Amino acid sequence: MKIETQSIHVGLPAARPGEPVLSPLVPASSFYAHPDAGFSANDLSDAAPHFYTRWSNPTLAALEARLAALDGGEAALAFASGMSAVTGLFLNRLKAGDHLLLSNVCYAGVAEFAHDALPRLGISATAVDSSDLAKVAAAIRPETRLVHIETPANPVLRLSDISAIAGIAHAAGAELSVDSTMATPVATRPLDLGADFVVHSLTKYACGHGDALGGAVIGPAAAIADLRKTSLIHLGAALSPFAAWLILRGLETLPIRMKAHEDNARAVTAFLETHPRVRRVYWPGAASHPQHELAVRQMRNFSGMVSFVPDDGPALARQFADRLKTVAYAVSLGKTRGLLFYIPTGDLIASSFRLEGEDAAAYRDIAGDGVFRLSVGIENADDIIADLAQALG
Ligand SMILES: *Cc1c(COP(=O)(O)O)cnc(C)c1O
């Protein structure tokens with residue numbers, strides 16, 4: 001099956017008379033148990049597949065089957081949010097004494113968790129410019145067990161070369177996890193390129209309608225089974241069946257939505273590149289993107305995220321918040337409707353990324369004093385551009 005078919009068909013109930021033609025929403029928190037079932041995380045069995053929804057649930061299982069197929073993995077695990085997927089994976093793969101090597105540009109919450117929470121557990125974390133392979137290789141330590149990258153990365157859409165970094169990580173005995181939220185499986189399948197785990201915030205493009213939070217990790221079946229035990233059964237980061245059901249419905253249109261997001265992002269990029277108030281525009285599909293060659297190699301779709309550096313960010317942010325009508329001045333991304341938000345560089349460097357010296361200067365070279373992160377919606381491109389034009393004034 002091709003991805004447009006998988007995104008609609010995988011996880012559906014068997015085609016028998018009387019069965020529903022979609023994955024049913026099963027909100028039950030518990031299921032009739034086998035009389036011999038124990039009451040421990042180690043007692044899951046195929047005979048009684050569902051026991052308690054923090055362990056597993058039919059609606060969640062349908063979502064997990066579809067996510068595993070889309071990313072070409074053996075198994076998937078759904079989480080309550082993208083953050084719980086990332087933190088669950090870190091806590092599962094790393095123990096005291098281990099080292100996490102993290103991309104120095106990534107989702108702010110992930111950077112903060114790595115810098116603040118992991119050291120308290122005896123896990124060291126250091127950040128590196130993952131767009132520079134020599135720097136990645138040099139930053140690996142004997143105790144590095146996990147390398148985590150995000151591509152394209154929040155908020156400047158910097159890319160990382162997945163297959164090259166998988167090679168570096170594996171040569172050092174470490175695993176690679178890739179946050180592929182912005183690429184989605186429509187653009188990139190990190191497991192095919194050698195990654196061990198893919199992570200998504202399902203809240204974004206996967207759901208697509210801005211009405212559910214969710215996250216997922218996709219990887220080898222044995223590792224996912226262990227992750228189910230530590231992250232869901234013990235830490236309790238289970239996704240609500242209703243959110244899973246909304247995300248299943250959202251996934252049906254993921255491939256056609258990504259085409260529309262990409263087409264509109266191309267048009268919006270062309271508009272922004274010629275606007276006098278805009279200094280720089282980043283979209284992986286544009287020839288002007290500093291890693292366009294890697295984007296062409298690694299992405300089948302360039303996604304709908306466009307970041308731009310203005311002349312006067314704070315003033316323009318106020319103007320956008322006052323004047324935008326089609327685009328909403330709001331956080332998040334990957335929704336049908338366009339969303340725009342200003343991310344000041346100083347705050348991000350100091351409180352989230354903790355960059356200093358040369359690394360801070362390199363980030364400032366890309367991001368200036370701040371970037372607008374625009375999640376281009378799937379409204380008509382002319383309406384989106386007209387709205388941006390009137391708001392830029
Ligand atoms: C939003 C996001 C997250 C966090 O996901 P939530 O669902 O908000 O917890 C992680 N990584 C990336 C790239 C994101 O965009």
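**Figure 1. Contacts of Ile162 in the predicted model.** Leaving aside neighbours within four places in sequence, Ile162 is in contact (heavy atoms within 4.5 Å) with Ile149, Thr151, Leu176, Val178, Thr188, Pro190, Leu193, Ala195 and Gln298. The model is predicted, so local features need pLDDT of at least 70 and side-chain atom pairs count only at pLDDT 80 or more, while totals for chains, interfaces and linings use all residues. Residues are numbered from 1 along each chain as its sequence is written, and side-chain values use heavy atoms, with hydrogens and water left out. Ile162 lies in helix α6, residues 162-171; helices (H or I, at least four residues) and strands (E, at least two) are DSSP runs, numbered from the N terminus. Ile162 counts as buried because its relative accessibility is 0%; buried means under 20% relative accessible area, exposed over 50%, and partly exposed in between, with a 1.4 Å probe and protein chains only. From C-alpha to C-alpha, Ile162 and Leu191 are 9.1 Å apart in space and 29 residues apart in sequence.

Figure 2. Strand β1 covers residues 75-79, and five of the five are buried, so the strand is largely enclosed by the rest of the structure. In a regular strand, side chains alternate between the two faces of the sheet. From β1, Ala75, Leu77 and Phe79 point one way, and Ala76 and Ala78 point the other way. β1 pairs with strand β7 (residues 215-219) in the antiparallel sense over five bridges; two strands pair if DSSP finds at least two bridges between them. Ala216 in β7 is the bridge partner of Ala78.

**Figure 3. The loop residue Asn57.** Asn57 is found in the loop between α1 (3-9) and α2 (58-71). Its relative accessibility is 0%, so Asn57 counts as buried. A polar atom of the Asn57 side chain lies 2.7 Å from the backbone nitrogen of Thr59. Not counting residues up to four places away in sequence, Asn57 touches Val26, Ala28, Phe31, His50 and Pro241.

Figure 4. Of the 13 residues around the ligand (a heavy atom within 4 Å), Met83, Asp179, Ser201, Thr203 and Lys204 come nearest. A backbone N or O atom of Gly82 lies 2.8 Å from a ligand oxygen atom, and a backbone N or O atom of Met83 also lies 2.8 Å from an oxygen atom of the ligand. An N or O atom in the side chain of Asn154 is 3.4 Å from a ligand oxygen atom. The ligand on its own has 380 Å² of accessible area (Shrake-Rupley method, 1.4 Å probe), of which the protein covers 93%.

Conventions. A polar contact is a pair of N or O atoms within 3.5 Å; within protein, one must be able to donate a hydrogen and the other to accept it, and residues adjacent in sequence count only if both atoms are side-chain atoms.
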